[in-house]
Amino acid sequence: MILSLALLAAAQQGPEDLPNRARVPVTVDLRGQQQPATAPAPIPLMIAEPVAMAIATFDSDQDGVVIRAEFDAGLRKTFELSAKGQPSLGYIAFGDWSERWLGNPNALPSPFEVDGDGDNRITLTELQARFDLFFTRFDTDKDGAIRRSELLTVRTLPTPGQRGGEQPERRKRDR
């Protein structure tokens, strides 16, 4: 009899009773179906793009701020270390540069974005032109310097129980 009661209790245990699950308040509608009481807020996530990580390494005085002179000197140094005395990098050598300074040979910017004249070679001038766009984008307060906080990108993740990219309104409509 005790075993029967234990099995009955286990069978009636809902997902909200299971450990390690996100608990969302629910209400019961007129049809007896559970509905979320309020839509939970999206989960914020801070990330650093590979190019932002490289820019952070340009901070030569380690004050947490990359000024334009540090930015230019840092980019020149990364290029010179990879070019080894040559005036340009081929796409394979650029992949090696990208792996060393961005963390992955396929990280953006791609060699196709950087190679402004399409000659399958990347010069320091072409790399500087592409990185100028990054400096402008990351310097959000337009003070001529990039702080670590400006290198972070805030993204939101789906809330627990919500599929990626799905909006709460759409979920309700599809039921």
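Tutor: A nonpolar core is a set of buried Ala, Val, Leu, Ile, Met, Phe, Trp, Tyr and Cys residues joined through side-chain atoms within 4.5 Å, where buried means under 20% relative accessible area, exposed over 50%, and partly exposed in between, with a 1.4 Å probe and protein chains only. This is a predicted model, in which local features need pLDDT of at least 70 and side-chain atom pairs count only at pLDDT 80 or more, while totals for chains, interfaces and linings use all residues. Residues are numbered from 1 along each chain as its sequence is written, and side-chain values use heavy atoms, with hydrogens and water left out.

Student: How many residues does the largest nonpolar core have, and which have the most contacts inside it?

Tutor: The largest nonpolar core has 27 residues, and those with the most contacts inside it are I55, W97, L127, F131 and F138. Two or more residues come from each of helix 2 (50-57), helix 3, helix 4 and helix 6 (124-138), and helix 6 gives the most, with 6 residues. Helices here are DSSP runs of H or I with at least four residues, strands are runs of E with at least two, and both are numbered from the N terminus.

Student: Which residues does F138 touch?

Tutor: Contact means heavy atoms within 4.5 Å. Not counting residues up to four places away in sequence, F138 touches E49, V51, A52, I55, I146, E150 and L151. Of these, V51, A52 and I55 are among the buried residues of helix 2, and the buried residues of that helix pack against strand 4 (65-67), helix 3, helix 4, helix 6 and strand 7 (145-147).

Student: How should I read a pair of packed helices?

Tutor: Two packed helices are described by the angle between their axes and the distance between the axes. The axes are lines fitted to C-alpha atoms, for helices over the stretch in contact, and the angles run from 0 to 180 degrees between N-to-C directions. Angles under 35 degrees count as roughly parallel, over 145 as roughly antiparallel, 65 to 115 as roughly perpendicular, and the rest as oblique. Helix 3 (residues 68-83) and helix 4 (residues 91-102) pack at an angle of about 130°, with their axes 10 Å apart, and are therefore oblique to each other. On the side of helix 3 the contact is made by L75, T78, F79, L81 and S82, and on the side of helix 4 by W97, R100 and W101.

Student: At what angle does helix 3 pack with helix 6, and which residues meet?

Tutor: Helix 3 and helix 6 pack at an angle of about 140°, with their axes 11 Å apart, and this pair is therefore oblique as well. From helix 3, R68, F71, L75, R76 and F79 meet L124, L127, Q128, F131, D132 and F135 of helix 6.

Student: What is there to notice in the loops?

Tutor: Backbone angles are one thing to check. K84, in the loop between helix 3 and strand 5 (88-90), has a positive phi of about 50° although it is not a glycine, and at 68% relative accessibility it counts as exposed. K142, in the loop between helix 6 and strand 7, has a positive phi near 55° and counts as exposed at 55% relative accessibility. A cis peptide bond, with omega about 15°, joins L108 and P109, and P109 lies in the loop between helix 4 and helix 5 (111-114).
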